[in-house]
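Work through the exercises below with the sequence and the 3D view open. Try each task before you read its solution.

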Amino acid sequence: MAAISLPHRLTGRLNRRGTVVLIVVAWIALFAAFRGRATLGLAASDVTSLHTSLNHLNTAVGADRNSNPVFLYFFNEIQVGTSQLVTMFQSLISQPAGDRPLPLIGWLGVVAIVTFVSWVWGNWRVALLALGGFVFIGLQGLWQEAMDTLALTLAAVLVALVIGIPLGVWTGVSRRATKIITPILDFMQTMPTFVYLAPLTLLFLIGPAAATIATLIYAMPPVIRLTAHGISSVPAETLEAAASLGSTRWQALRKVMVPMAKRTIVIGVNQTIMAALSMVTIAALVAAPGLGQTVVQALESLDVGTAFNAGLAIVVMAVVLDRVTTAASVRVETANRAPSRFGPKLRRPLIAAGAVITVFAIYLSYTYLYAAQFPDVVDIGTPIKQFAASVTGWVQTELAPITAAVKNFVTDFGINPLQTLLDTSPWWVTFAAIVGIALVVGGRAAALTAAACLGLIIGTGLWQDSMGTLAATLVATVLVMILGLVFGVWLGRSDRADRILRPVLDAAQVMPPFVYLVPFIALFAATRFTGVIAAVVYAAPVAVKIVADGIRGVPAASVEAATSAGSSTWQIITKVQLPMSARTIALATNQGLIYVLAMVVVGGLVGGGALGYDVVAGFSQLSLFGKGLAAGVAIVLLGIALDRITQAAARRETTGA
Amino acid sequence: MAAPTHEAVQDTTGAAEPVISVRSLWKVFGSRAARIPATPELAGKSRREVMDQTGCVVAVKDVSFDVAPGEVFVVMGLSGSGKSTLVRCLTRLIEPTTGQVVFEGQDILAADARRLRELRRSKFSMVFQHFGLLPHRRVIDNVAYGLEIRGVNRSERTERARAVIELVGLSGYEKSYPDQLSGGMQQRVGLARALAGDPDVLLFDEPFSALDPLIRRDMQSEVIRLHNEVGKTMVFITHDLSEALKLGDRILIMRDGEMVQLGTGDELVGAPADDYVRDFVRDVPRADVLTLKWIMRPPRAGDDLDGPELGPDVVVREATRMVLAAEKPVKVVRDGVLLGIVGDEEILAIVAGD
Amino acid sequence: MGLSRLRPLAAITAALALVLAGCGGAKVGDTSSSASGGASSASCGTFNLAVNPWVGYEADAAVVAYLAKTKLGCDVKEQNITEQVSWQGFASGQVDAILENWGHPDLKTQYIDNEKVAQDAGSDGLQGVIGWYVPPWMAQQYPDITDWHNLNKYAQLFKTSESGDQGQLLDGDPSYVTNDAALVKNLNLNYKVVQGGSETALIQSFRSAQQNKTALLAYFYSPQWFFNEVPLVKVNLPPYTPGCDSDPQKVACDYPPYALDKIVSTKFTDSHSPAYTLVKNFSWTNEEQNEVARSIAVDKLSDDAAAKKFLDAHPELVSKWLAGTGKS
């Protein structure tokens, strides 16, 4: 049977590839013939009538803000409430409270609380890590900004959990809810955060409220998804047992489903906290307080040292929060049984003792200056800044020819040809080519989605800019996949490499992209390549991790069989491991593409042009507000189309259709 | 094989009011499932035909039986026979399509949610194949779960749980967690949990399929012991014929959702209703199941009629030695009436495996 | 056994040490650094100052914030946000004052006239000029490049990888006031606008262009300290006439001279805070701003240090700005 079906699968795939090649060849031919005509271009300063009407919407909303009931009773209430929540957290740990010149809980109190909580929820190892991490941040000279960031993150995460966990439970229990909510969650997560900043400020003005809500949109989906997953993973038989004993639905939920899903829910909390922290720098664009402001300022003055110092603080905070919540998820599962270090009897009094120490530390930090304001004794910040600046300076001077060569190579042979093909072909040629490729690679549904999205993009009036962004995205994705395959295969095959490199990948994922944007500008100037390379650095760790997981998921038996048949390493990789993890690789492409799109947009801040610039300009120039909104919509549409196509292609890999 | 006498194929129920009474129970999965039993033409078709024609799956087809009080009623069949669906229909874990399920005189299918819950809490409980325990609770809290949701206070339910734990032989493990126990012990917890609420009927869904053979044997003995001790009515689902014969007072064989034969173990082995059952019971050691009434022959002229006497319900294996050792053929007698003769030839025919 | 005993012992010792060491030391409140007089801190309160992303503005903000903090006892909160976003902050109270506003008649109409959340607080004394500039070596070598009619002749000189076949016109931060894209189109220039991203990028580009004698045509402006380092030469576009830039899409003339002014929120005005008086009085010349800007950008002084250095040398400005607040 296998022998008969395999050639069929193979020819199916070959047919697909052949058709795609044909489409591309036809495209290039038509491009050569009709180049420059009907490109639907829009000059940078021009706006369409759609954009103008959106501008009018903006002014109308602004005028109505204090009279329209929808605003008065809904949006304004939310804005005020959220601001107050954030301000409350801030006055606890970071900003002067009332007529005190310092927050209620000073650095000693915060450090004590963090260490104590980490120990109680996790173990003493993460408690030490938390202690060390927070003290480090203080020594960097960034205590107040870090506390501002922590306050904002806490507020956002709190709201996310209060809304997200019940929503996740509902989704886990009800299939209908899943059908409604999943596409919304997809949307919330694939939409580049940059895009909804402007609409949010329209509704909620700038400040901590808009920042919190922007963070919320990005950070809520993980906890909803994981809670739903945990709830729906409860074995059906256990639920039957509970029902057969006469439980009501509420009793089953409370006593069976939620306790059994606790571990997954805590993992969801972990993911939400990570997502919230990653929004820190973007939130600064709408006047969110904290480390994000430091980074954005450093971006303006191209101060690599300050950017790196602040970025490092964000990474440290992220690592601490990540390890603590992960330890909490482990403890939730095993705590009851595994005896703690000192035996369960000793734990209670120890917790009590710890609580007393913590309260005492809080009291000290409330009363005494040295415990309230982080002392200036040791300054790690300056050496770090100088180190980062000198490294970048060295690379700039010594490696200038290499960096210039790389930039020129990628630009001349990657970005420029593709962009020229995409945005100077007549629009109908590009449209047909993209839909055709979508049809061949992803199937009918994907092609329809692509056609609909492209049509709507034409409607936004930003076709040419969209093609420019598409070109940059594709180039970046290709680079990401090259890195993903090379490093993913390496990490998948070698445990030692995995152990060494994985923390590096984790740190790279957590480091705010704005931070490494600064040295990249210093190295490559403000060009499209900078946007591309920043996107590559942002997306590559994800792709590498997914590919490594896929390689590792190939059954050991298959690899053993190939080895004992005498295959070389290269043959095993190309003939066994890669084909058998084809589905995972396709998924890695999908994820890489989404991440790349999110960063390519940020590239608009630094010479990336195209849709990214339109969004940024719309955000900063009133006359371009409508165009900025339209550009945001175009980015989302591009994201949806690309996402559908790659997901459909991934699905087809399994069925071998 | 001597033809069974007329007494053998009687339905033993009717003596007392049945605990569970099932009439014409149907379960069909699919859209507009109710039309299948309602339409005589569709109702008569086989499962395959209905599937092809309507896309619906007939899981349980027109099943009727009674369960007497204190009886161990076994439903047997291979996978896909509908036995698991059937037992779930009895407690409405799966809602039947049509039919009647009467429990101690009450129609279960007509009960509203609250009444159903009460019935589940106090009248019947179920033991599951993969145990269905709550991994985040200790053994004692697992066992007390049914009482907890009923609102019984802590001290009372802990005491009751302890008693039941002792009953199933798990004393000392109250504070352990399920994942610290072996499979057999986990199923004992499941058993204890089912017993804790003092139900009238216990339902078992292939409870020992997931256990090792040796443990399975122990658990079967455990069930027999419990049945002797507390005397509860039991409905037992299994695909293992030897288990069914060991535990069951009466056995219902199902195939493709339909009833094939309902009777005691020796009826199934001695008088299989069709080739399917015959094939099914082929490997059973007949001497262990059949009783003398199945192998006796009518007395002939020339038979020596003063040999030893045995009742008709004595299992052949137990009678073998006596028959072979006796010089005269054994008389099969009930209430002083001579029913037949069993001689060496009859015994040897069975033992030699005809 | 020894090691596991050690740990609780260590914890208890540490706790005891904390207890002993903790008590004693300066208390919060009696040496509160920000208040140099309890009464004044109550009357000033919080002062939300927008800081837009160019170093000239940073200089404005440095001196004003320094005085507000040290002389008036205000709690100064600096918001690092772009020009237009700053205006949005008036309504929510995120922003109390903008110290350097470049025109923006459309924003004035929306926020001052229509929504009434903001008010004009008068001129800050600075004269703003925006234009296109080339490094001095180009003006020497190609003297006619200062006339815009000749730009197309030199377009190929300015070609970069980002501008394709066209010459490159380098802009700064995307949030800066700019008509460049419209100008390029309406004057039929064979140029493409490329975003440099920030003021620092512009300065760095000019510096290396002059040093390495490479071509650069870029958006620049004064007041700007960089002119003292490299005397950039302006390219003259069609002269500005009033009303020629009313339709942003049809602009075909040079930038107007800007009389830079200050904008404050209505809430701030009504609060009668001494900070408001300070902002109202604040005004200085281009050269004075350049002095502070250079301290920040070139000498790398902190904002407060640069402000202190300048204010110590100009006590007359200090008294002028603090007039009416009751402080000196």
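Axes are lines fitted to C-alpha atoms, for helices over the stretch in contact, and angles run from 0 to 180 degrees between N-to-C directions. This is a predicted model: local features need pLDDT of at least 70, side-chain atom pairs count only at pLDDT 80 or more, and totals for chains, interfaces and linings use all residues. Residues are numbered from 1 along each chain as its sequence is written, while chains are lettered from A and ligands numbered from 1 in the order in which they are written.

**Exercise 1. Describe how helices α3 and α9 of chain A pack.**

Step 1. Find the helices. Helices (H or I, at least four residues) and strands (E, at least two) are DSSP runs, numbered from the N terminus. In chain A, α3 covers residues 69–93 and α9 covers residues 208–232.

Step 2. Take the geometry. The axes of α3(A) and α9(A) lie 8 Å apart, at an angle of about 90 degrees.

Step 3. Name the arrangement. Angles under 35 degrees count as roughly parallel, over 145 as roughly antiparallel, 65 to 115 as roughly perpendicular and the rest as oblique. Therefore α3(A) and α9(A) are roughly perpendicular to each other.

Step 4. List the residues. Two residues are in contact if their C-beta atoms, placed from the backbone, lie within 7 Å. From α3(A) come A:Gln79, A:Thr82, A:Ser83 and A:Val86; from α9(A) come A:Pro208, A:Ala209, A:Thr212 and A:Ile213.

Step 5. Sort them. Ala, Val, Leu, Ile, Met, Phe, Trp, Tyr, Cys and Pro count as nonpolar, Asp, Glu, Lys and Arg as charged, and the others, Gly among them, as polar. The contact of α3(A) with α9(A) has four nonpolar, four polar and no charged residues.

**Exercise 2. Which chains touch, and with how many residues?**

Step 1. Start with chains A and C. Of the two pairs of chains that touch, A and C have the most contacts. Chain A gives 49 residues and chain C gives 51. On the side of chain A that touches chain C, 26 residues are nonpolar, 17 polar and six charged.

Step 2. Turn to chains A and B. Here 15 residues of chain A meet 17 residues of chain B. Helix α10(A) supplies the largest share of chain A's side, six residues.

Step 3. Check chains B and C. No contact joins them, and their closest C-alpha atoms lie 27 Å apart.

**Exercise 3. Is C:Trp102 buried or exposed?**

Step 1. Locate C:Trp102. It is in the loop between β3 (97–101) and α5 (105–114) of chain C.

Step 2. Apply the cut-offs. A residue is buried if 20 or more other C-beta atoms lie within 10 Å of its own, exposed if 12 or fewer, and partly exposed in between; C-beta atoms are placed from the backbone. C:Trp102 is buried because 20 other C-beta atoms lie within 10 Å.

Step 3. Look for partners. Leaving aside neighbours within four places in sequence, C:Trp102 is in contact with C:Gly128, C:Val177, C:Tyr258 and C:Leu260.

**Exercise 4. Trace the open sheet of chain B.**

Step 1. Read the order. The four strands run β2-β1-β4-β5, with antiparallel pairing. Two strands pair if DSSP finds at least two bridges between them.

Step 2. Find the edges. Strands β2 (57–67) and β5 (106–107) of chain B each pair on one side only.

Step 3. Inspect one pair. Five bridges join β1(B), residues 20–29, to β4(B), residues 98–103. B:Ser21 stands opposite B:Val102 in β4(B).

Step 4. Helix α4 (residues 83–90) of chain B lies across β1, β2 and β4 of that chain, at about 60 degrees to β2(B).
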